[in-house]
Amino acid sequence: MIPPAHRRPPTAASRKKRSSKPARGQHTPHATTQDQRIQQPRKKKKQQRWWHGWSDEIAANTPLLPEPAELIDPPPPPTTCTRAAPCADLRPTAREPEREGKRERQWPTVRSLETPRDRKAMETGRHRSQSLGSAGLAFHALLCSSLLLNAVFFAHHLLRSSPTATPERLGDGLSWALQAAREAEAVAAADCSGHGNVFLDGVTGEDGRPRCECNRCFSGPDCSVRTPNCTADADSGNPLFLEPYWRRHAAASAVVFSGWHRLSYITTGGRFHSVELDRHIRLLHRAVGNAVVDDKYLVFGAGSMQLINALVYALSPDGNADSPPASVVATVPYYPKYKSQTDMFDGREYRWDGTTATWSNNGSRNSTKGFIEFVTSPNNPDTALRKPVLAGSSAIIDHAYYWPHLTHIPAPADEDVMLFTASKLSGHAGSRFGWALIRDEKVAKRALSYVEQSIMGASRDTQLRMLKILKVILANLHGKEDIFAFGYDVMRSRWRRLNAVVSRSTRISLQKIPPQYCTYFNRIKEPSPAYAWVKCEWEEDVDCYETLLAAGIISRSGTLSEAEARYTRMSLLKAQDDFDVLLERITEFVDAEEHGRAPGGSSSM
Ligand SMILES: Cc1ncc(COP(=O)(O)O)c(C=O)c1O
């Protein structure tokens, strides 16, 4: 009987072949002696690419990532493969040269189970009939034991190669990554009652372990205590609505890397940009259909926040030029950082010059030539899709929210200077990563030089994480785990629920958004905006922020966007707990209005 083919002991010829010098490119130039012993059999070619991906030098020549077509069905993640500890699938090969001899002896065969006595009896023919009987019995016994042994070995083999990774299995073949993986899994599995998280860098308790960080309105060691009458915080645009998506994709989105990974200031090709991340951003825009990328340069920043001033600088006249400073403007209501950053950096080449309303009515095209106009589309705070107002200005179109979970996508955007951020795409605001798509080479070079001068390029660790995140997004587009479908469902449901309550009110109203056709989903979509732009309708509610605050809701006053105080913004992007508390407070506010009393002891009614 022969053991399963792939467990067959190596022949002398195959041993010789395996122990011969590895083919070029089969190990990195930095491989240790042990690494150099690791030989890759030909049929494992796919895994070899992942293994190679961990060598910086080879990464320059060997693509680490699958080709676009493969993204639909991506190969196993590289997190289990390292140069020091190759993929679990490669593991037996790595150690085989040392074990071959032992293994050969371990495998039972019918021949090895024959006793010398049996053989002798058969050879001489003495005590023939007796011998025949006992030989037959012995043969059956041997056959049975051989069958049994093979069954045991086969079952053992099947269990070992089972694709479902048990904790023990996870440890197989990993060395230095295992501890980090254990730590990451331990904090992710910590019980915070669904109302908080434990983080690797969280403040530690007496037991030396990081403690639960509770969502707002929850407290206690495991976040199980709900704060009664808690004030809802709907201020910031913290995109935690996507956290459940990444919990669902924990395995695919995890990133593990060594302490010496990308130690250098520079990355592949002497640049500050990950070439692969650049490629994947372009793939994503093409696949989603929200931006034309083919004729654009990409500039990365530490969040799109950093690129706001980088682009103002890039579009302004040269500091040495004998021209007046550029006027930086935006249309009300606008994202307040455009003004605060322009004011703070206070370059000699540019200055904040107010809102477009001041300049658009003067009738002269030329007068806005030296202008830089910020346009946010969809707009923050009122979520409307917008176009530049001033003719002849250089426009920076901020498309932070131009993704199919937060708006419909009528067509790919194709402006000269566009801004995007990971924060609102995938929710990874903490990673601080944004990018600009720029048509003109000179402008792109100036923006790049700004980022290089200030931070020498976006963090390589962040770039690596974003690469992984984009791969997961790409691999799931239009599938049942599509991030945009997930995000859209959450945001549409929040908008519906909020509208259902506010529609009973005469005191506050929300912006009107009609259902629109979306090219990504290929159908008419209900609205799913990031923010509710609330208007206080009653005459006495002159400051809507204050009116809501009295009702236990923290919002962001419209005055910060130079809009009337009658308007205020409520964020819908936050964690589910935040939205639930917000909806409770709003419901109380509207109920109180119906019953003619003020909620939360407010005297503003
Ligand atoms: C319109 C707009 N642009 C840019 C940003 C900044 O995003 P990032 O997190 O990439 O700095 C935000 C954040 O809320 C935003 O609303």
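Helices here are DSSP runs of H or I, at least four residues long, and strands are DSSP runs of E, at least two long, numbered from the N terminus.

Two housekeeping points. This is a predicted model, where local features need pLDDT of at least 70, side-chain atom pairs count only at pLDDT 80 or more, and totals for chains, interfaces and linings use all residues. Residues are numbered from 1 along each chain as its sequence is written.

Now the cis peptide bonds. Take V332 and P333. A cis bond joins them, with omega about -10°. Where is P333? It lies in the loop between β7 (326–330) and α15 (337–345).

Next, S377 and P378. The peptide bond from S377 to P378 is cis. Omega there is near -5°. P378 sits in the loop between β9 (371–376) and β10 (394–398).

On to phi. R432 is not a glycine, yet its phi is positive, near 55°. Look for R432 in the loop between α17 (422–425) and β12 (434–438).

The cut-offs: buried means 20 or more other C-beta atoms within 10 Å of the residue's own, exposed means 12 or fewer, and partly exposed is in between, with C-beta atoms placed from the backbone.

Why is E562 called partly exposed? Because 16 other C-beta atoms lie within 10 Å of E562.
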